Amino acid sequence: MKLKRKAFLLAAAAATAAVMVSGCGQSNEAAAPAETETTAAPASQEETKEAAEVQTEPASEAEAEAEEENYNTGDASLDNPRNQDDIGEKELLVVSFGTSFNDSRRLTIGAIEDRMEQEFPDFGVRRGFTSQIIIDHVKSRDGVAIDNVEEALNRAADNGVKTLVIQPTHLMNGLEYTDLVNEVGEFSDAFEQVAVGEPLLTSDEDFQAVIQAITEDTAEYDDGETAICFMGHGTEAESNQVYAKLQELLTAAGHENYFVGTVEAEPALEDVLAAVKEGNYKKVVLQPLMVVAGDHANNDMAGDEDGSWKKVFEAEGYEVTCVLKGLGEIEAIQELFAEHAKAAAESLEK
């Protein structure tokens, strides 16, 4: 008998480890339940067209990471792929784009998952990646199997999970978030309850929390002579406006030495450089505005080839320090993801 399925309430909103500090060198049987309830986290006032837009790293990033590395990305055996069975009746599935940089994966995505395990002691915490290219690369190079979303959902169904909470580590709502919700919807008959949490930058409160997190994390560099520049990925879609919003809110809050740019869109490196040159800065600190410190952070930001953010700022006479630290390493960011997961879980109790 076909089970009744409730529609997702898609929450679409506008918006977006050991620290390596150096001279910018490189260093990441389904149960037959009764009626299935499928929901997503409550919507905010900012929910609009963003749900149909690109919001995370595209295939180009995954393809770059899948190239033969000429440097060490760390020991994959130290990372927990969280693909174990014996999950229990409640599962929290953490879904990430992923990275093949082993150390960064452990210190960012792994740290977020560890925080979820602390905050959800009654749930089995498991991992799912959306980038098949990265999954295949890690499997081929390191012999480590990481579930894609379909595999993770099948694992949950086969283990008899009844309550499933899914928390993405996306920065903003967009196409990939919508794809995730749709894919989960295809499995909703396998579970009694399903909820999907919101991305990092969803509400105005989220923006303020992220600003506090990144400014406190980099406070040691904020000496008036240093421009602190965060590099995001960027997208040509309208959801890219989260970066401009973050910059506007940083400046309004008095963080005038902080600058936000992107690799793939606007503000571009040239925009960030022009803004920095308007000030009397002698030094520049570069840090990724991405959950992981992967290919973009190690190469586009901190690489030694012409065109990297490091080389461009050095050519302008600045003393440059690169901090190869993904957002996922910051405890306040981990906590914000946990809060979103809690809100999703609580929505199932209403």
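**Burial and helix packing in a predicted model**

Student: What makes strand β10 (residues 319–324) largely enclosed by the rest of the structure?

Tutor: Five of the six residues of β10 are buried, so the strand is largely enclosed; buried means under 20% relative accessible area, exposed over 50%, and partly exposed in between, with a 1.4 Å probe and protein chains only. Strands (E, at least two residues) and helices (H or I, at least four) are DSSP runs, numbered from the N terminus. This is a predicted model, in which local features need pLDDT of at least 70, side-chain atom pairs count only at pLDDT 80 or more, and totals for chains, interfaces and linings use all residues. Residues are numbered from 1 along each chain as its sequence is written, and side-chain values use heavy atoms, without hydrogens and water.

Student: Why does Gly143 count as exposed?

Tutor: The relative accessibility of Gly143 is 51%, and therefore Gly143 counts as exposed. Gly143 lies in the loop between α4 (132–142) and α5 (149–158).

Student: Why is α7 called roughly antiparallel to α12?

Tutor: The axes of α7 (residues 204–217) and α12 come within 9 Å and cross at roughly 160°. Angles under 35 degrees count as roughly parallel, over 145 as roughly antiparallel, 65 to 115 as roughly perpendicular and the rest as oblique, so α7 is roughly antiparallel to α12. The axes are lines fitted to C-alpha atoms, for helices over the stretch in contact, and angles run from 0 to 180 degrees between N-to-C directions.

Student: Which residues of α7 and α12 meet?

Tutor: Asp206, Ala209, Val210 and Ala213 in α7 meet Ala332, Ile333, Leu336 and His340 in α12, where contact means heavy atoms within 4.5 Å.
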